[in-house]
Amino acid sequence: MRKGFKIFISALSAALIAIPVFCAACEDPESKEPEFVDYVSELKLDLTSETKKQEVDVRLYIDGDTTHFDPKSSTITGYDPSDFEKTQGYIKARYLAINTPESTGKIEPWGKKASDFTHNKLATAQSIIVESDDGSWNVDSTGERYMLWVWYKPAGATDYRNLNVEILQEGLAIGSNTAGNRYGTIASNALSQAKAKKLFVFSDEDDPDFFYGTAIPVTLKELRCHVTDYANKKVKVTGVVTTEFSNSVYIEEFDPDTGVYFGFAVYYGFTSGKILEVLTVGNEVSVVGTVSEFQGTYQISGVSYNGFDPNDPLNSNVISTDKSAAFVETDAKDIVSGKLAVRFEEGEEEETVNINYGEAIMSTTVTLSNMTVTKIYTTSNGGQSDGAMSITCKAADGTTITVRTEVLKDENGQLVTADRYLNKTITVKGLIEKFNGEYQVKCYRADYITVVA
């Protein structure tokens with residue numbers, strides 16, 4: 001009987017040992033996550049096909065699915081200047097088959113990552129070729145943007161990669177007529193894989209570069225051109241602190257599409273502490289505050305820093321240091337009477353805002369060179385502003401513009417008076433403001449006016 005019991009135990013042990021082996025053998029192979037397929041490497045650029053092709057250099061990086069290119073004379077594709085005459089010789093490329101999240105006017109989750117991805121791939125490429133979808137250079141509904149495939153050859157590589165498909169493959173764009181084009185099958189496969197793997201825009205994760213707090217993320221361009229839409233609303237903006245004056249700092253952000261710096265005043269009032277360290281000239285900052293109107297000018301106010309919770313989403317923070325974006329050389333005529341067409345793209349839609357140039361660069365720092373002073377009015381009403389000047393200047397092209405100063409003191413603390421500038425040629429640094437319906441330059445430091453003749 002004891003012998004039989006031993007035989008039973010041995011058989012039971014053998015059975016238990018065999019169970020894991022049996023289960024492993026029965027594992028469902030479909031339960032494993034499919035391997036990542038690099039569809040981009042399966043797609044080859046055919047330089048002999050009927051499509052139009054042009055080797056290019058990057059002119060301006062806009063966002064994830066829009067880039068401006070300059071065509072170049074090339075042994076690979078040649079160059080016919082007449083191809084792009086109607087668009088002033090350069091190529092505004094809207095990428096076919098994709099729609100990346102916004103990162104210019106409106107800001108959306110994963111927009112910055114998509115924009116950075118496109119920038120990095122093109123910036124390090126040894127060659128870039130744009131290709132039409134058929135035998136013509138096709139434009140979109142605006143008549144200005146070409147609908148293109150963008151191919152780039154990475155440094156050290158022999159083959160070109162299709163950036164449109166790669167952006168889809170990375171999960172950094174949703175489809176836009178993805179199947180309805182010459183590379184529709186492989187583009188659709190790349191998109192389906194990104195969805196299946198829940199990459200970036202298809203994931204359930206938060207974008208670490210996107211602000212999810214109780215404020216509207218917006219660019220300074222968008223804010224400046226649609227400022228009344230944001231009145232009394234909390235916003236989050238980024239920019240470089242360029243100057244400080246009267247309990248405010250001024251932040252600016254460069255817009256590559258227009259080539260203009262857009263600025264805004266950030267009022268910190270009599271706040272002290274960490275927020276003043278953040279709002280230091282030369283810092284690139286993110287600022288959270290409320291858009292408010294003060295004496296006819298909009299500013300961002302109510303900015304703060306919660307030192308007890310550095311991760312508070314309403315904190316204003318430093319992004320980087322030692323930046324410069326201040327006092328760009330500007331023509332007086334543009335300020336006084338110029339117009340600026342500012343384009344905003346959202347998916348397949350485009351809006352163009354025609355705005356007075358002076359309005360577009362309100363609260364932005366500028367430099368005006370070689371201005372002849374023709375007249376000066378000095379305030380003398382017995383108040384604190386006694387000694388402030390309104391300096392009438394004439395540019396070389398005859399444009400007249402006013403420079404309004406604070407009460408200026410020289411390096412010795414002495415009052416600067418009109419005789420220092422009258423009938424002289426000066427260079428002025430200051431801020432754009434609007435006074436009595438006219439765009440002017442506000443100068444608040446004596447060393448910001450230089451007599452040149």
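The model is predicted: local features need pLDDT of at least 70, side-chain atom pairs count only at pLDDT 80 or more, and totals for chains, interfaces and linings use all residues. Residues are numbered from 1 along each chain as its sequence is written, and side-chain values use heavy atoms, without hydrogens and water.

**Overall build**
- The protein has 9 helices and 24 strands, these being DSSP runs numbered from the N terminus (helices H or I, at least four residues; strands E, at least two).
- Its radius of gyration is 30 Å, well over the 22 Å that the globule rule gives for 453 residues, so the protein is more spread out than a compact globule. The radius is taken over C-alpha atoms, and the rule is 2.2 Å times the number of residues to the power 0.38.
- Along the principal axes, the C-alpha atoms fill a box of roughly 120 × 70 × 35 Å.
- Of the 453 residues, 46% are buried (under 20% relative accessible area, 1.4 Å probe, protein chains only).

**Strand 11 and its partners**
- Strand 11 (residues 248-255) is mostly covered, with 6 of its 8 residues buried.
- Strand 10 (residues 234-245) pairs with strand 11 in the antiparallel sense over 5 bridges; pairing requires at least two DSSP bridges between two strands.
- Val240 has Glu252 in strand 11 as its bridge partner.
- Strand 12 (residues 260-267) pairs with strand 11, also antiparallel, over 8 bridges, and Tyr250 is bridged to Ala265 in strand 12.

**Turns**
- The hairpin of strands 10 and 11 has 2 residues between the strands, and Ser246 takes a positive phi near 55°.
- The hairpin of strands 11 and 12 has 4 residues between them, and Gly259 in the turn has a positive phi of about 75°.

Conventions
Buried < 20%, exposed > 50% of the residue type's maximum accessible area, 1.4 Å probe, protein only.
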